[in-house]
Amino acid sequence: MTAAAAAGPGERSGARPGAAPRVTPAADRLQRLLALVPYVVSRKVVGLADTAAAFGVSERELVDDLNLLWCVELRSPDPYCPIDLSYEAGEIVVSEAESIDRPLRLGVDEACALLVALRMLAEVPGLEDRSALSRTIAKLEAAAGAAGAVSAQVAVQVDDRGARSVAARVRDALDRGRRLHLSYYVPGRDEATERDVDPMRLLVVEGRTYLEGWCLRAEEVRLFRLDRVLALAVLDQAASVPAQAQPRDVDQGLFRPSADDVQVELELSAPGRWVAEYYPCERVDDLPDGRLRVRLRTPDTRWVRRLALRLGEDGRVTSPAELAAQVRDDAAAALAQYA
Amino acid sequence: MSRRKTERLLSLVVCLLSARRYLTASQIREAVPGYPESFDAFKRMFERDKDELRELGIPLETGVSPTAEEEPGYRIPRQAYVLPEIRLEPDEAAVLGLAARTWRRAELAGAAAGALLKLRAAGIDAEETTQPGIEPRLRTGEAAFGRLWEAVRDRRPVSFGYRAAGRSSSQQRRLEPWGVVNRHGRWYVVGRDADRGQTRVFRLSRIDGPVSFRGPSGTVTVPDGADVRELVREWDTAPHALRTAVLQVRQESGYGLRRSATTVRPDPRRAGWDLVEVPFSDPGWQCEHLASFGADVIVVEPADLREAVIGRLKGALA
């Protein structure tokens, strides 16, 4: 965590969300201590190793925390130690916790982060356990009290145009371990493809729902956007995801360029700037007059040719030269249809 | 150094939570070890400590005890401090873990983790185990998200540079923000545009440069019944399709058009082609969309759309 770099001078706006740069290391540790005591109290006895893991600290740090708690002393009116605890044989027991036996209330950021996410989950197609969700939301709203109120001003809408019934059938296939047959639309190539897929899981990223599965046609793990599924059937055949099928690390981004990809450069005039918002660009440079130069990598340039036709004079492929020539050929072929 | 400060802050919290009445600064100084001898130095340090506790959301209350001689004191009311009792069933704890994971790598990740820690401290075993088969993620790649969330949370007016779609430069906008909404994976802020006196929606990815606060907390009023989610949905929803395009579409192609077509029939005058009718509302967008199909789609009518597509293709040829 860095110092309050993001907040302007002299502004008091409360903690910044997430990283909370205003919270000093001492205060950060205080937060942990104030959670640690009730964590142990509510469980009566806990293991050192488990507790360290739950708090994301080493056992040594945890022992230092416990020593610190045990040493707390108040001097007035008479000196006394409000906290008594022991950690013998790898087990922690708190026998005296005084006023900090219960955790601190949720802050606004904390309550809102969870409530917004829970309400988003309630919209996710294919998440069947809606009853658990609504019960959790109700309980959390009650526990958060006023801190949860602002969460009504944040909403996440999951795109599910027609995806809900598809998602339900994918869930069914996942639960029963069945293979799927997909008719799948690939807009970049304007193709409807047929393929068998052994489902691995559903992903909900950037407001879209995807099936991640082993594609038997490509012999690779592939993502399929559910709103592009033209037809789907759950087959009687059992799914068999090969051992080498690696689910992708969603925290690293869904689409990662590979070394074999073609590097494409486009120059966009102001009306074509949306391209930089819609496609993951490796590099975006501002040019004069609101123009942009973007660079992206792709394994298949067919969609770029279609994009270039869509852009018309608002964009131009500047590299590679062969791709630029293909775009001109495509445009000429299309214009010939009107001749 | 930091350890001693943590000790002092912890003692202060325990002391103020246990106090049955407001404790004056001098009483606190006597009870809590670790403050300097000089009263001025103590006062300065105590002021900073109070700020740090408030920053963590610890409810520090100021008041005067009936017995004290008019000097204000401090305490932390237990009722305002403690997280109310909350018990979750295992299935509820599982969705809670899933919810916390949603923010991973996004702006509120720290807040979600902090909340989970407190709930664990309350005895809930919300493990971050994977709910079989589903993995949700939110992203907040837009630089403006953090500031706008703060502005919405604290009800503060803001200003920012905004580059509207297709504009070559950005324009300064002043907004009383009511809410932030993610729709189809993109973040928007909605509120009252102070210059135009109207409700406006802005896409965060088009905000140019930093977002500045233009007023203190609590100065924005969200009108009763303002549904931020609905406002963004309305703004983002294409108007009702008023016109119909008649297209020649090569067979085995144009799937993107066929999905929204009202009629598809073989073209009687050209083998291997279909006549496809597609409703549309925005001629600009429709023209770009049709051009992207290249030689597989020919616009028969209306004439203006046909001309626009030809113009766009010529633009790509140039």
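1. Ala89(A) counts as exposed, because 7 C-beta neighbours lie inside 10 Å of this residue. The model is a predicted one. Phi of Ala89(A) is near 50 degrees, which is a positive value in a residue that is not glycine. Ala89(A) is placed in the loop between strand 2 and strand 3 of chain A.

2. The two strands on either side of Ala89(A) form a hairpin with 2 residues between them. Strand 2 (residues 84-88) and strand 3 (residues 91-96) of chain A run antiparallel and are joined by 5 bridges. One of the pairs links Glu88(A) with its bridge partner Glu91(A) in strand 3 of chain A.

3. Is Asp190(A) buried or exposed? With 22 C-beta neighbours inside 10 Å, Asp190(A) counts as buried, whereas Ala89(A), with 7, counts as exposed.

4. Pro320(A) sits in the loop between strand 13 (315-319) and helix 9 (321-336) of chain A. In chain B, the peptide bond from Glu301(B) to Pro302(B) is cis, and omega is near 0 degrees. Pro302(B) belongs to the loop between strand 13 (297-301) and helix 11 (303-317) of chain B.

5. The overall form of chain A may be stated next. Chain A contains 9 helices and 13 strands. Its radius of gyration is 28 Å, well over the 20 Å that the globule rule gives for 339 residues, so chain A is more spread out than a compact globule. The C-alpha trace of chain A spans about 100 × 60 × 35 Å along its principal axes. Of the 339 residues of chain A, 38% count as buried. Among the contacts in chain A between residues at least 6 apart in sequence, 57% join residues at least 24 apart.

6. The interface between the chains brings 111 residues of chain A into contact with 107 residues of chain B. Which element of chain A gives the most to the side that touches chain B? That element is helix 1 (residues 25-43) of chain A, with 13 residues. By class, the side of chain A that touches chain B has 65 nonpolar, 17 polar and 29 charged residues.

7. One helix pair at the interface can be described in detail. Two packed helices are described by the angle between their axes and the distance between the axes. Helix 4 (residues 108-121) of chain A packs against helix 5 (residues 90-102) of chain B at an angle of about 105 degrees, and their axes are 8 Å apart. Helix 4 of chain A is therefore roughly perpendicular to helix 5 of chain B, since angles of 65 to 115 degrees count as such. Helix 4 of chain A contributes Leu114(A), Ala117(A), Leu118(A), Met120(A) and Leu121(A) to this contact, and helix 5 of chain B contributes Val95(B), Leu96(B), Leu98(B), Ala99(B), Ala100(B) and Thr102(B). The contact comprises 10 nonpolar residues, 1 polar residue and no charged residues.

8. Strand pairing also links the two chains. Strand 4 (residues 154-157) of chain A runs parallel to strand 6 (residues 171-183) of chain B, and 4 bridges join them. Within this pairing, Ala155(A) has Val181(B) as its bridge partner in strand 6 of chain B.

9. Chain B holds an open sheet of 4 strands in the order 11-12-10-13, with antiparallel pairing. Strand 11 (263-266) and strand 13 of chain B stand at the edges with a single partner strand each, so one side of each is left without a neighbour in the sheet. From one strand to the next, the twist averages 25 degrees. Strand 11 of chain B is joined by 4 bridges to strand 12 (residues 273-280) of chain B, and the two run antiparallel. In strand 12 of chain B, Asp274(B) is the bridge partner of Pro266(B).

10. Helix 11 of chain B lies across strand 10 (243-250) and strand 13 of chain B, and runs at about 150 degrees to strand 13 of chain B. Pro302(B) is in the loop between strand 13 and helix 11 of chain B.

Definitions and conventions:
Residues numbered from 1 in each chain as written. Chains lettered and ligands numbered in written order. Predicted model: local features only at pLDDT ≥ 70, side-chain atom pairs only at ≥ 80, totals over all residues. Rg over C-alpha atoms; globule rule 2.2 N^0.38 Å. Buried ≥ 20, exposed ≤ 12 C-beta atoms within 10 Å, placed from the backbone. Contact = placed C-beta atoms within 7 Å. Axes fitted to C-alpha atoms, helices over the stretch in contact; angles between N-to-C directions. Parallel < 35°, antiparallel > 145°, perpendicular 65-115°, else oblique. Nonpolar A, V, L, I, M, F, W, Y, C, P; charged D, E, K, R; others polar. Pairing = 2+ DSSP bridges.
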